[in-house]
Amino acid sequence: MKKNDAPEALLAAAGMSRPMKRTDVTEMVVEAKLKKGLSWVKIAKAVGASKEWTTAALLGQMQMTRAQAEAAGKLLGLPSHAVLLLQQAPYKGSLPTAVPTDPLIYRFYELVSVYGTTFKELIHEEFGDGIMSAIDFKMDLRREADPKGDRVQIVMSGKYLQYKTY
């Protein structure tokens, strides 16, 4: 075994396994969801939160309370260590590359590339020099019937935070 071998291979050679990572929990969640035929809406009801927040949490972007993590763990059949990891503060940001390659996620990147400066100008004109928080934030995603083809409606609401002068 060479010095540059993957950590997993080195641990395996030493008769050890690596500790579970948060990304492992995400994979377990997605696999259990598929195997059990669950929807994010059903999982969210068990957790007691919105489908948007619950999905983000189970994909590794939010920290669950003990009760939420235990409810998700019970429904999905997760091991106790996975339930503990759902309660840890996550490393935020889930995209693997600077420009996403998944077509749906790329469209959001495209949307910000095209309309980002418009969002910025209109927010600054309406509110002043500041930002829309992604911390004090809520989102609602719905299907909107349209005779020309159904539409995706996403409403995002974030607290306005003014930059301070010092």
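Which residues of the largest nonpolar core touch the most other members? Before I answer, please keep in mind that this is a predicted model, in which local features need pLDDT of at least 70 and side-chain atom pairs count only at pLDDT 80 or more, while totals for chains, interfaces and linings use all residues. Residues are numbered from 1 along each chain as its sequence is written, and side-chain values use heavy atoms, with hydrogens and water left out.

By a nonpolar core I mean a set of buried Ala, Val, Leu, Ile, Met, Phe, Trp, Tyr and Cys residues joined through side-chain atoms within 4.5 Å, and by buried I mean under 20% relative accessible area, with exposed over 50% and partly exposed in between, for a 1.4 Å probe and protein chains only. The largest core has 17 residues, and those that touch the most other members are Leu58, Met64, Leu76, Leu78 and Leu86. Two or more residues each come from H2, H3, H4, H5 and helix H6 (80–86), where helices (H or I, at least four residues) and strands (E, at least two) are DSSP runs numbered from the N terminus. H6 gives the most to this core, with four residues.

Let me stay with Met64 for a moment. Not counting residues up to four places away in sequence, Met64 touches Val47, Trp53, Ala57, Leu58, Ala69, Ala72, Leu86 and Gln87, contact meaning heavy atoms within 4.5 Å. Gln87, for its part, is found in the loop between H6 and H7, and it counts as buried because its relative accessibility is 18%. With neighbours within four places set aside, Gln87 is in contact with Gln63, Met64, Thr65, Arg66 and Ala69.

Turning to the helices, the buried residues of H3 (residues 40–47) are Ile43, Ala44 and Val47. They lie on the same side of H3 because they cover an arc of only 100 degrees around the axis, the arc being that of the directions from the helix axis to the C-beta atoms. Their cover includes helix H2 (22–36), helix H4 (51–58) and helix H5 (66–76). In H4, the buried residues are Glu52, Thr54, Thr55, Ala57 and Leu58, and these pack against H2, H3, H5, H6 and E1. Just after H3, Gly48 takes a positive phi of about 85 degrees, and just after H4, Gly60 takes a positive phi of about 95 degrees.

Now to the open space. The largest pocket has a volume of about 2,200 Å³, and of the 38 residues that line it, Phe108, Phe137, Met139, Ile154 and Met156 are the closest to its centre. A pocket here is an open set of points on a 1 Å grid over the protein atoms alone, where a 1.4 Å probe fits, with protein on both sides within 12 Å along at least five of seven lines, and lining residues have an atom within 4 Å of a point. The volume is the space filled by probe spheres set on the points, which are joined across faces, edges and corners. The largest share of this lining, eleven residues, comes from H7.

Finally, Val155 sits in strand E2 and counts as partly exposed, because its relative accessibility is 44%. The C-alpha atoms of Val155 and Met139, 16 residues apart along the chain, are separated by 5.6 Å.
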